[in-house]
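I opened this model to look up its overall build and its metal site. My entries are below.

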Amino acid sequence: MANIIIAPGRYIQGQGELNNIGKYAQPLGTKAFVLISKSGYDRVGETVKKSFEAARCSVYFEYFNGECCKTEINRLKARFDELGCDVCVGIGGGKIHDTAKALAYYVKKPVVVVPTIAGTDAPCSALSVIYTDEGVFEEYLWLPANPNVVLVDTDVVSKAPARLLVSGMGDALATYFEAKATADADAATCAGGKVTRAALVLARACYDTLLADGLKARLAVEQHVCTPAVENIIEANTYLSGIGFESGGLAGAHAIHNGFTVAPETHKMYHGEKVAFGTLVQLVLQNADMEQIEEVLDFCMSVGLPTTLADLGMENPTEETLRTVAQAAAAPGETIHNMPMEVTADKVYAAILAADALGRAYK
Ligand SMILES: [Zn+2]
């Protein structure tokens, strides 16, 4: 099997860069179809409109219905064709990005992804997660290409709630440990090949950036300002973690996250918050040295990521619940089997309890 790394065609990040969206989209098409929420339009619609006009492009705004599902994608496809557009743009959060990427795939046109939060590493990937109309996970839509352009205006992102940026750090925290585990196991990644040296270096840079700038960034966005630390964390959460997970590989942390989604108590937690605890469980599973575990615990506590089951909303979980979580995390086909050792539901169950005890002992 070959070594493969994939990435968006162009990644642009900076303060006020949304003013240039027309310039960046223009080489891809001159009739832009912009998928956005009502509140997103109120915040940035005027800026986007002016920018496309300055680039002599026409622009149509379409409000997102709220779910990345086949009904919505088909509705948008009909609208896109009717208007005769030639480039898709998705401005907002993860579900809007995934819908815009899926739409671009079905209409066979380029796509520009504009995250207004740095809460996940989805913007750069060649993947859309499709849900049913009711919001239940349906399938992964693996796309033949990454977005043509990912454009991040850091003024916009730094005004989003701090908890979203912190959750993005939780998602990014797993990246290095999962890529390292995948490489050690000589397993395949979401990019359809084995881990490149380049992907491992990006994943390591992601982790180092979190340790160096995580706390500074959280404190700055709580004041709704953008500083160099915020810029670095936005790049870590969006680009380094995006390439890192897709071409570096997923292993224990995300599988354990998926396991926790079966427990209703955790439903009010964000993706990255559950992934952060999943990272701790993975470290226990692979018996990482204490210095490494303490570094991760310190980081989580400094930025406000969960380190115990209680932090995840599971105050007094029953053994049955935790065994169900462990079972789901170790299900056949789960990425936990990219770990460089044999993993069973019993081992995951033990690691969850031990990680929780470490978190509590450390508080
Ligand atoms: Zn993730």
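Conventions. I am working with a predicted model, where local features need pLDDT of at least 70, side-chain atom pairs count only at pLDDT 80 or more, and totals for chains, interfaces and linings use all residues. Residues are numbered from 1 along each chain as its sequence is written, and side-chain values use heavy atoms, with hydrogens and water left out.

Whole chain. I found 13 helices and eight strands in the protein chain (DSSP runs, H or I of at least four residues for helices, E of at least two for strands, numbered from the N terminus). The radius of gyration is 20 Å, close to the 21 Å of the globule rule for 363 residues, so the chain is as compact as a globular protein of that length. Here the radius is taken over C-alpha atoms, and the rule is 2.2 Å times the number of residues to the power 0.38. The C-alpha trace spans about 60 × 40 × 40 Å along its principal axes.

Burial. I read 56% of the 363 residues as buried, meaning under 20% relative accessible area (1.4 Å probe, protein chains only).

Zinc site. Which residues coordinate the zinc ion? I list Asp-171 (OD), His-254 (NE2) and His-271 (NE2), at 2.1 to 2.2 Å. Donors are N, O and S atoms within 2.8 Å of the metal (3.2 Å for Na, K and Ca); water is not among the atoms, so sites may look incomplete. The donor spacing in sequence is D-x82-H-x16-H. Asp-171 in helix H6 (residues 162-184) and His-254 in helix H9 (residues 252-260) are 83 residues apart and link distant parts of the chain. Both Asp-171 and His-254 are buried.

Note on methods:
Buried < 20%, exposed > 50% of the residue type's maximum accessible area, 1.4 Å probe, protein only.
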